[in-house]
Amino acid sequence: MSAAPAIVPPGGTIGILGGGQLGRMLALAAARLGLKCHIYSPEEDAPAFQVAAAHTRGSFDDIAALEGFARACDVVTFEFENVPAETIERIGPVFPSAATLRITQDRFEEKSFVNALGLKTAPFRKVDGPADGSGILKTRRLGYDGKGQAKVADAREIAAAYARFHSAPCILEGFVDFAFEASVIAARGRDGAFAAYDPPENLHENHILRRSTVPSRLSAAQVAEAKDIARKIADALDYVGVLAVELFVARDGQLLVNEIAPRVHNSGHWTIEACAISQFEQHIRAVAGWPLGDASRHSDAAMENLIGDEVAAWRKLAANGGALHLYGKSEIRAGRKMGHVTWLKGSRG
Ligand SMILES: Nc1ncnc2c1ncn2[C@@H]1O[C@H](COP(=O)(O)OP(=O)(O)O)[C@@H](O)[C@H]1O
Ligand SMILES: [Mg+2]
């Protein structure tokens, strides 16, 4: 690991590993601050390439290409958390750190880390072979949008799901009959400054985020507790950048940590319209070593994802008063996030 990089002044270049919609929105936010982005992605036509000053097409195990990319950037960050931690270590300095990635890439390590901070999660245990019990079997690594997860009721179902996951190391997690889901999106600067957004309430359909709404049904005390959870996690990781903490809000009001995303998050897209400084600009500020911006919310908002062919309604959506975001993905696939719409309160048609 090299020394901490200098503060990136306007005109400098932020390297972003991953070229999806998150990278695209990061690059757009960076541009507003006079910063350039250089995107690294294996994809041929990555959504972020279209809006960035530079891009490199390469795989995440091509160390020579990654090192060349890192040399061309003043600081490197990522929008895709499955870049191998060893790679991050090799090309450092990267924000958030390789140590953070090591923890958040593995559900067992992540939940153990959260519990060690005195924060609650659903009960969980390792599964590396035949096991009994019920709940949700999840692969420890590489899951997203519900991939690598199965609801299981007994030993037979665990065995079947485990086989479907090619015997990858798993955890068995207790099923939480939550009242609703929420998330905290927060930022920590290089100087340790902390800023959290108002936690949205999140509705998932088929394990994919459908809608995020602010304000949520959380009480003021729960909002404070949620922000405190994010702060404890961020401080313990010596985190730099934006992170999201997904929460289950139990029927008795307890907040359980579901997972940590070491990056900007889909449930924070509404911050573009409803806050002076969006999660994307906040992340850029943090990794560039700039002061964090004001995370306060000036409007109530609802964000809805456009998934798969829902994006075909773009013309109608463009006319109905929401802020339409399209990610520039040429191919529509079922379950693929193609765009989103944010409505500010009062403008919903
Ligand atoms: N233990 C659980 N109890 C109830 N619902 C769960 C549980 N774990 C996951 N889910 C549901 O599945 C969604 C996706 O699971 P999550 O663990 O966040 O994985 P992913 O990495 O796919 O987002 C959650 O947001 C929640 O709706
Ligand atoms: Mg999740």
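Okay, so Pro215: in this predicted model, Pro215 sits in the loop between strand E12, residues 208-214, and helix H7, residues 220-236. The peptide bond joining Val214 to Pro215 is cis, with omega at about 0°.

There's another cis bond to look at, between Phe95 and Pro96, and here omega is about -10°. Where does Pro96 lie? In the loop between helix H3, residues 85-91, and helix H4, residues 98-104.

Asn206 isn't a glycine, and yet its phi is positive, about 50°. His207 isn't a glycine either, and its phi is positive at about 70°. Are they buried or exposed? Asn206 counts as exposed, at 70% relative accessibility. His207 comes out as partly exposed, with a relative accessible area of 49%; the cut-off for exposed is over 50%, so His207 stays in the partly exposed class.

Now the metal, which I guess is what some of you came for. Which residues give the protein donors of the magnesium ion, ligand 2? They're Glu246 and Glu259, each through OE, and the distances run from 2.0 to 2.2 Å. Glu246 is in strand E13, residues 241-249, and Glu259 is in strand E14, residues 255-261, so the pair ties together parts that are 13 residues apart in sequence. As for how covered they are, Glu246 is buried, with a relative accessible area of 14%. Glu259 is partly exposed, at 23%.

Next stop, Gly289. Have a look at the loop between helix H9, residues 279-288, and strand E15, residues 301-307; that's where Gly289 is. Gly289 counts as buried, at 19% relative accessibility. So what does Gly289 touch, leaving aside neighbours within four places in sequence? Ile7 and Arg190 are its contacts. If you want a distance for orientation, Gly289 and Ile233 are 56 residues apart along the chain, and their C-alpha atoms are separated by 20 Å.

Okay, zooming out to the whole protein. We've got ten helices and 17 strands. The radius of gyration is 20 Å, close to the 20 Å that the globule rule gives for 349 residues, so the protein is as compact as a globular protein of that length.

What about the inside? Of the 349 residues, 57% count as buried. And if you take the contacts with a separation of 6 or more, 62% of them are between residues 24 or more positions apart.

The accessible surface comes to about 14,600 Å², and carbon and sulfur atoms account for 52% of that. On charge, there are 39 positive and 41 negative side chains, and the centres of the two sets lie 2 Å apart.

Note on methods: Residues numbered from 1 in each chain as written. Chains lettered and ligands numbered in written order. Predicted model: local features only at pLDDT ≥ 70, side-chain atom pairs only at ≥ 80, totals over all residues. Heavy atoms only, no water. Helix = DSSP H or I, 4+ residues; strand = E, 2+ residues; numbered from the N terminus. Rg over C-alpha atoms; globule rule 2.2 N^0.38 Å. Buried < 20%, exposed > 50% of the residue type's maximum accessible area, 1.4 Å probe, protein only. Contact = heavy atoms within 4.5 Å. Areas by Shrake-Rupley, 256 points an atom, 1.4 Å probe, with all protein chains shown as cover. Lys, Arg positive; Asp, Glu negative; His and termini not counted. Charge placed at Lys NZ, Arg CZ, Asp CG, Glu CD. Donors = N, O, S within 2.8 Å, 3.2 Å for Na, K, Ca; no water.
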